[in-house]
Amino acid sequence: MDPIAPPRVPAAPAASLPAPPPTRRRLALVVGSGSVKCAAAFGLYRALLREGIPIDRVVGCSGGSIVASAIALGFDPETCMRLSAALWTREATRHPDRLALLRILFPRLLGFEPGRFGLRRDTALRAALEGAFGGRTFADARIPLHVTATDFHTGEQVVLGTGSIVEAIRASIAIPFAFAPVAHEGRLLIDGFMSDPLPVNVAMREGGDLIVAMGFESPYQSQVRSAGRFAFQLSSVMTNNLLKASFAFHGLAHHGEVLLVVPRFEQRVRLFDTDKIPYIADVGEQAIAEHLPYLRRLLAADPATAP
């Protein structure tokens, strides 16, 4: 797979970024888990650029961590879509770890270590991430960036905002059973969707006055005729219910405005349908379009009198 070569972004330590003017309300963008469907956020991004609406903070979870990182680094929408297409490939997940499978069958004989257990090797995945993001760190982001993962032992949400962007994404997409957890500062980290598939709370905590949250519902299986489809169905039930409950809570608790944007796809989008990324982005752009008049009014409101 040929590496993506996005435009070079000069390093800019987060501490040196100028604070938003006090007369303007701060907009945070949150991109939740959703695999290749997360590319819909590139359409949202394209619409905001066209409207001249600045983004002051980006938060990404699971597949959304890839999208959030590309936006925060300042890549243009077309580069973002090419990058996404290069990452969501079967090649990145094709290589099985046969020893891991044997450890399931013979845990006492071969030993079972949670920190090393994953049915797929991540060599190709890491190579794809390195090709897309190289050695960039959070300090290289033009927009403050946060990536979420989940503590395997406690289930707590872990927010990553320093160090390697590749390592943070790898932790955020550590899908249980598929990829091994990532060791980070004494913790084992797994997929961010396990703690919150749409981490609006991070944007709240970081001071977002207005939050645009793009979330994705996981499709339910029309027929369950295998253990794999059974697992996917259980995952969809858990993810969708967690998404609804989490957003309802955050919507009630937040002092400002939270806009939920959930793209509706008329075409079926499978996990590796990268040829549909332009369509996916268009759907995302259409989804934010209906919110733009309201968003403009919110942004124009006086910060001192806004909720």
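This is a predicted model: local features need pLDDT of at least 70, side-chain atom pairs count only at pLDDT 80 or more; totals for chains, interfaces and linings use all residues.

Biologist: Why is Phe 106 called partly exposed?

Modeller: Its relative accessible area is 42%, and buried means under 20%, exposed over 50%, partly exposed in between (1.4 Å probe, protein chains only). Residues are numbered from 1 along each chain as its sequence is written, and side-chain values use heavy atoms, leaving out hydrogens and water.

Biologist: Where is Phe 106 found?

Modeller: In the loop between H4 and H5; helices are DSSP runs of H or I, at least four residues, and strands are E runs of at least two, numbered from the N terminus.

Biologist: And how do you know that Met 214 is buried?

Modeller: Met 214 has a relative accessible area of 0%, so it falls under the 20% limit. Met 214 sits in strand E7 (residues 210-214). Leaving out residues up to four places away in sequence, Met 214 touches, among others, Val 30, Leu 44, Leu 198 and Pro 263, where contact means heavy atoms within 4.5 Å.

Biologist: What makes Thr 148 buried?

Modeller: Thr 148 also has a relative accessible area of 0%, so the buried label applies. Thr 148 lies in strand E3 (residues 145-151), and beyond its neighbours within four places in sequence its contacts include Cys 61, Gln 157 and Val 202.
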